[in-house]
Amino acid sequence: MYGLRASLLSLSLLLAACGGGGGGSSPPPPTPPAPPPPTITLSAPASQILAGGAPVVLTANVSSGATPTWQLNSGAPGKLVPGSSANTVTYEPPAAGISANTQVTVTASAGGASKQYALTVYPDPGAPGLSLIAGAIPQRGMIDGKGLTASFGAIVDVVPDQSGGYYVYDVASDAAAVRKVSAAGEVSTIYRASEAPNGITFGKLAVTTDGVVYLLHSLPSGGRLVRIKPDGSSALLPDSVHHGYDKIAAASHGAIYLVSGTSLRVLAADGTLGAAVAVPLQFVSHIVSDGRGGLLAYWSGNWMRVGADGSTAPFDLPTLPSTAVTSIISAADGNAYILQTGPQLRIHRLAPDNSLNLVYESPPDADPLWPKFALAGSDRRLLLAFTNELRHVSGEHTLNFAGMQDYIGVSEDGPAAGARFAVPDAITADVAGNVYVIDHPGKNEYPPPFWAAQRGMAIRKITPEGQVTRTALNNDTGTPSGIVADRAGNLYISDIQRFGNHGASTGSAIYKLGLDGTFSVLAGCPPSRDCRGPVADGAGPVARFAGAQLVGLDADGYLYVNDGGNPTIVRKVAPDGATTTISALPAGIGAAPDGNRYIVRDSTVVQIASDGKETVVASGLSGRPRTSPTGPLITPTGPRSFALIAGEAVLKLVLPR
């Protein structure tokens, strides 16, 4: 019996040891948790470098003390070489071959963690100095030349010639002249009056079928009728020929009409003057050749065709409001072109059978340029004539042809010098080379009176090729005070409260314009809402600003704001709109790649070093004085290069090496 008990006990102990039997088992010891990935901190002296420029040293500090590995993104120009220590690497940019801004990413990895540093390699910006990116840099006075190199004093009349060009009667404070504009935009002066016009701007041109130009104009010493032949010779006709007549128009066979309020007569090509014919033209405001030997007359909604014998044939154009006619100019094909301004710019073609066709209409959401004349040349191109500029119609837009208008107060999309800005007052650039300008279409008074400010905004984009387009329009903001772009191409704009043309506004906000064109409030309370309350931190709309002015952003996408008041405080805005007050701006925020700050002050560009020393780096900027700019007028576009606002133009500034 004792042996049986001993055997059972031994068997029980054996089963227990083997995990068998009915008894439970002990859990395995827990696996220790994996250590968290280390934290990697990257630093580098610059994020913008030139092709062929100095190498950039990057340093990675790994919290675990591990040695990082480095990698350059696939296809990136340049190369990585070992640095002076285990924690550093040197990026060497390519010597050449970069024609556009190129993004480069360097990645440091260690212990399952990684951190990226973004670099932008820029092509050589070119020779030092100022050059045009887009907009208007007008010249003054009568200057012959081609396209933008030419200038006009004040265009008083314009007529087409027979070769795709035009003749212009031009008046300045010290001269009155007839200017010829070729089909290629070459401007030359073919006749200049021997005395200054003394502010008198009356003048009418007529071009006969044999290419002779007649000018009837007024000078301090009296009226003049001048005949200018195709060879450039000119002759002053006797006063007795034109006395009492104030309008001229081309007739047939090289003749012209002389027109007054009650009569007309024909001056033949050989100088023979026909007898006066009585006509009821007392109140006529426009009279032009009809291209068939007769005349087309208009006054106060009345239309009439007049024959050389004085016969009249009234007709109606009920679809054209009587207040819409700004000018009428005829073409050699017998059509007349009627310019209608307001609320949209329209050009109508009136055919010899009195049928009316709309041949151009400005886009409904555009701020059209308001010309003085519209006409079609012998090549059928539509031309708009302004006081100082000729522009051809091209699709929905108009393009510069010769001269340049100044202070026009409207915006116009287009390529480079063909584009126009109304009142540009803030600028920034993204890493892809696009420049963004805050503009104010339709507002041509600058600087505004002390009680007014430019409220609302249009965002204009200038591509690296110089093409200007409008990307957004918002009329519900206050006065823009700053604009910055992040690496993804999103735009951020700040505004401040102002007393504007529509009354007082309160509030200040930071807006985001996304890549999809969505315009939203990121932080603060815009002036279009009730924004009363003290300055406060908080998430998005909870935040309150006294007068936000964007200064810049850091590599992690945090925005930094100088908030107006006494004293000014510094605010930090997270990508989600959370706003906090900080003690000071981080080093380098708002500075150019060289560490200096740059401002536009009146007609100069001033460099401000970290110690406050100021140096003028460019001067002679033209345009309206900017004594109190509401936003940044200059922005870095790469190492040694900047885009800046001067008048109605955006210029490129390249500093010497």
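1. How do the residues of the lining of the second largest pocket divide into nonpolar, polar and charged? They divide into 19 nonpolar, 13 polar and 7 charged, where Ala, Val, Leu, Ile, Met, Phe, Trp, Tyr, Cys and Pro count as nonpolar, Asp, Glu, Lys and Arg as charged, and the others, Gly among them, as polar.

2. On provenance, this is a predicted model, in which local features need pLDDT of at least 70 and side-chain atom pairs count only at pLDDT 80 or more, while totals for chains, interfaces and linings use all residues. Residues are numbered from 1 along each chain as its sequence is written, and side-chain values use heavy atoms, with hydrogens and water left out.

3. Two or more lining residues come from each of the strands β11 (155-160), β15 (203-207), β19 (247-250), β23 (286-289) and β27 (325-330), strands being DSSP runs of E of at least two residues, numbered from the N terminus.

4. The structure holds 18 salt bridges, each a side-chain nitrogen of Lys or Arg within 4 Å of a carboxyl oxygen of Asp or Glu. In one of them, E92 of strand β6 (residues 88-92) pairs with K79 of strand β5 (residues 79-82), so parts that are 13 residues apart in sequence are tied together, with the closest N and O atoms 4.0 Å apart.

5. R380 forms a salt bridge with D333, their closest N and O atoms being 3.3 Å apart; R380 lies in the loop between β31 (373-376) and β32 (382-385) and D333 in the loop between β27 and β28, 47 residues apart. R380 is exposed, at a relative accessible area of 58%, whereas D333 is partly exposed at 35% (buried means under 20%, exposed over 50%, and partly exposed in between, with a 1.4 Å probe and protein chains only).

6. The loop between β27 and β28 also holds G334, which counts as buried because its relative accessibility is 5%. G334 and D290 are 44 residues apart in sequence but 5.4 Å apart in space, C-alpha to C-alpha.

7. For D563 and R571, the closest N and O atoms of the salt bridge are 2.7 Å apart, and both residues are buried. Elsewhere, a network of salt bridges links D144, D170 and R179.

Key:
Helices (H or I, at least four residues) and strands (E, at least two) are DSSP runs, numbered from the N terminus.
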